[in-house]
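Please keep the sequence and the structure in view while reading.

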2 protein chains.
Amino acid sequence: MRKISESTVRRLCGYLRLLEEFQRAGKTTVSSDELALRGHTTPAQVRKDLSFFGSFGKRGLGYDVCDLTERLRDIMGLDKNYRVALIGAGKIGSALVQYRGFSDRGFDIVSVYDNDETKVGTSWGDVAVRHVSALESDLAVAPIQIAIIATPASEAQATLDRLVQLGIKAVLNFAPTQLDHPADVTVQNVNMAVELETLSYALRSCG
Amino acid sequence: MRKISESTVRRLCGYLRLLEEFQRAGKTTVSSDELALRGHTTPAQVRKDLSFFGSFGKRGLGYDVCDLTERLRDIMGLDKNYRVALIGAGKIGSALVQYRGFSDRGFDIVSVYDNDETKVGTSWGDVAVRHVSALESDLAVAPIQIAIIATPASEAQATLDRLVQLGIKAVLNFAPTQLDHPADVTVQNVNMAVELETLSYALRSCG
DNA sequence: TACTGTGAAGAACTTCACAGCA
DNA sequence: TGCTGTGAAGTTCTTCACAGTA
């Protein structure tokens with residue numbers, strides 16, 4: 001299949017969220033205009049995004065809400081559950097483990113790792129914190145598909161290298177640093193300092 | 001000045017981070033090649049990004065690390081401190097308040113608001129949680145420049161509307177929903193579900 | 001010589017506009 | 001008629017390639 005841009009994929013996530021909302025509201029049909037308005041984009045963009053994957057609508061009518069939801073979930077690979085490991089039992093890690101939004105969408109944080117002996121053995125919800133040295137042996141027994149790096153920046157690259165070695169292909173990185181990785185590994189960065197600095201840039205003219 | 005794209009602004013943040021690293025390492029001069037390599041971009045991109053704002057380098061030599069750092073901080077508006085209010089004293093909020101990366105870069109979380117009476121009055125570090133109804137009167141006395149929305153999705157839009165009413169022009173939104181806002185207000189979204197779903201999409205071919 | 005700064009070329013993304021179908 | 005699906009046009013972003021200079 002043709003390469004889909006990241007912006008398209010992100011918009012698809014948005015459509016999915018809106019569709020679920022429409023579904024809860026009992027709406028059965030939706031037009032590209034409605035999706036565009038609520039999703040901060042244009043009707044043409046919505047139709048183009050969807051058209052990369054097929055023709056899901058009915059001309060003159062719009063899209064069936066349930067059908068399109070189903071198809072989008074399928075396209076995004078959200079029909080399955082993912083086992084997620086969290087590396088770094090700090091403040092961000094703690095917030096992530098407790099966040100309902102993950103498990104609700106099929107992302108289960110099944111293990112937490114840290115190198116701080118005082119944290120190892122403590123329980124976070126129903127997940128025990130394990131020493132990061134157990135990573136290799138644990139994953140050999142119970143594989144995961146996604147890893148979240150929430151370590152200090154100084155340890156992030158070494159952590160990623162180990163994850164790559166273990167065959168992990170998808171990583172969410174909260175450490176505020178650019179990580180090197182093979183092309184077949186996807187690394188998504190969440191960097192809150194960058195977001196705030198972008199706001200700072202936007203404010204520079206406001207005094 | 002010509003409109004600068006968001007991708008350029010985000011790359012500038014990256015260059016700044018690298019420059020600070022180079023500075024700590026005692027490097028005095030840096031080339032676009034070096035910045036590109038470490039910042040996952042191309043030398044031409046680095047030069048183009050910088051050229052929007054002026055000619056900071058010396059041909060044949062490269063850029064002076066200190067000078068370029070200074071200029072980038074200036075361009076990004078990072079020469080001043082920002083007063084930040086956090087609305088929503090939940091898990092994410094708690095992680096954010098404790099996160100050193102913010103205050104280190106001049107973003108000071110000076111107040112926390114929630115509508116849960118059991119949280120109001122408790123202390124988070126050196127910041128007391130206040131009832132969200134005090135928002136208007138508090139900001140009249142001690143203005144802020146940036147607000148962080150960390151409320152449930154259901155309350156995010158109403159919260160943003162109040163912030164806009166109060167004249168806030170920059171908002172960081174952690175609620176997993178698209179918010180409507182006037183064009184002169186900048187809203188940056190951090191949506192961890194979208195990041196994970198992007199990873200899910202990337203994994204769809206891996207089985 | 002080594003590297004910047006930049007117009008021009010190229011690629012990617014978005015919007016337009018309309019044919020085609022329910 | 002109303003709304004989708006899509007080639008074509010338009011716009012924005014990235015890369016190229018080279019003139020210019022310390």
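Two strands are said to pair if DSSP finds at least two bridges between them; the strands (E, at least two residues) and helices (H or I, at least four) are themselves DSSP runs, numbered from the N terminus. The model is predicted: local features need pLDDT of at least 70, side-chain atom pairs count only at pLDDT 80 or more, and totals for chains, interfaces and linings use all residues. Residues are numbered from 1 along each chain as its sequence is written, chains are lettered from A and ligands numbered from 1 in the order in which they are written, and side-chain values use heavy atoms, without hydrogens and water.

In chain B, strand S7 (residues 146-149) pairs in the parallel sense with strand S3 (residues 82-87) over four bridges, and Leu86(B) stands opposite Ile148(B) of S7(B). S7(B) also pairs in the parallel sense with strand S8 (residues 170-173), again over four bridges; here Ile146(B) stands opposite Ala170(B). In a regular strand the side chains alternate between the two faces of the sheet. In S7(B), Ile146(B) and Ile148(B) lie on one side and Ala147(B) and Ile149(B) on the other, and all are buried (under 20% relative accessible area, 1.4 Å probe, protein chains only).

Turning to the DNA, 22 residues surround DNA strand D, each with a heavy atom within 4 Å of it. H3(B) supplies the largest share of this surface, four residues. A backbone N or O atom of Phe56(A) lies 3.0 Å from a phosphate oxygen of DNA strand D, whereas for Gly60(A) a backbone N or O atom lies 3.0 Å from a base oxygen.

Key:
A polar contact is a pair of N or O atoms within 3.5 Å; within protein, one must be able to donate a hydrogen and the other to accept it, and residues adjacent in sequence count only if both atoms are side-chain atoms. Buried means under 20% relative accessible area, exposed over 50%, partly exposed in between (1.4 Å probe, protein chains only).
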